Amino acid sequence: MTNLPRRSFLKGTLATGAAAVAATVLPFSAMADWPKAAFEAKTVEDAIMALLGSPDTVVSTAITIEVPEIAENGAVVPVKVSSTLPKVESITLISEKNPVPLVAQFKFESDAVQPFIATRIKMSETSNVVAVLKSEGKLYVARKEVKVTIGGCGG
Amino acid sequence: MATNSIRLQAKFKDGLTEVKALINHPMETGSRKDLKSGKLIPAQYIEDVAVLSNGKPLLTAVWSFGISKNPYCAFQFKGGKIGDKIKLSWKDNLGETDSAEVDIKE
């Protein structure tokens, strides 16, 4: 499959998804509004801007990303992010070269939650995993490359 | 509505509660083809996740289909007590939802 029809298709499905959300009453008030524009962004910078409201990030050594050096199966790449930054409000995960780069945002709704998240993501090709942390109103970023043997995004 | 899609665990150790969740969900991108019919499999992925402790929000998340099939997620928080109720809920782009609740254990 070439990139173009795939991208337009993705756009179509994202639009349908948003319509479905609008038509559904959220079952739990704690849930956030799904940030459609950020998930439609095609670059890391656009995704950060759309999601976090600013393109300004500071590279931080206070963020640790644990990923495998080589992922044989890009469909399941374990990722752990932790940090020593104070008062972390959210951790955002981005896979740089995915058709939809923004993978997830985890928001800490209580000060008791530690700046740590573990999950598994899909990666379409070798690229950086980008972690953006919001701490005391500022955005901090760290990157770590994963070599992907078989991409895990499409068909 | 989905049922029994969530395996949830909350363990207290050394002052921290670790919450681990494994959710049964296809996390379809919408760009994968069914091998038999050759047709595209419609996108279906979890968009929103919320985790509450005794009814108060701990963590919320927004996901795309960039999260792997059968999502796994773990996080930690201070100040939990044995017996506190941890509840996780998810909702996908097609409006499916599920919830699970467990007690914090040792």
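This is a predicted model: local features need pLDDT of at least 70, side-chain atom pairs count only at pLDDT 80 or more; totals for chains, interfaces and linings use all residues.
Local features need pLDDT of at least 70, side-chain atom pairs count only at pLDDT 80 or more, and totals for chains, interfaces and linings use all residues. Residues are numbered from 1 along each chain as its sequence is written, and chains are lettered from A in the order in which they are written.

**The A–B contact**

Chain A gives 43 residues to the contact and chain B gives 39. Two residues are in contact if their C-beta atoms, placed from the backbone, lie within 7 Å. On the chain B side, these elements give two or more residues each. Strands are DSSP runs of E, at least two residues, and helices are runs of H or I, at least four, numbered from the N terminus.

| Element of chain B | Residues |
|---|---|
| strand 3 | 46–53 |
| strand 4 | 56–63 |
| strand 5 | 72–78 |
| strand 6 | 85–92 |

Strand 4 of chain B supplies the largest share, 8 residues. It also pairs across the contact (at least two DSSP bridges): 5 bridges join it, antiparallel, to strand 6 (residues 102–108) of chain A. One bridge links A:Phe106 to B:Ala61.

**Helix 3 of chain A**

Helix 3 spans residues 44–52, with A:Val44, A:Ala47, A:Ile48 and A:Leu51 buried (20 or more other C-beta atoms within 10 Å of their own). They lie on the same side of the helix, because they cover an arc of only 100° around the axis, taken from the directions from axis to C-beta atoms. These residues pack against helix 2, strand 5, strand 6 and strand 8 of chain A. A:Gly53 follows the helix with a positive phi, near 80°.

Note on methods. A residue is buried if 20 or more other C-beta atoms lie within 10 Å of its own, exposed if 12 or fewer, and partly exposed in between; C-beta atoms are placed from the backbone.
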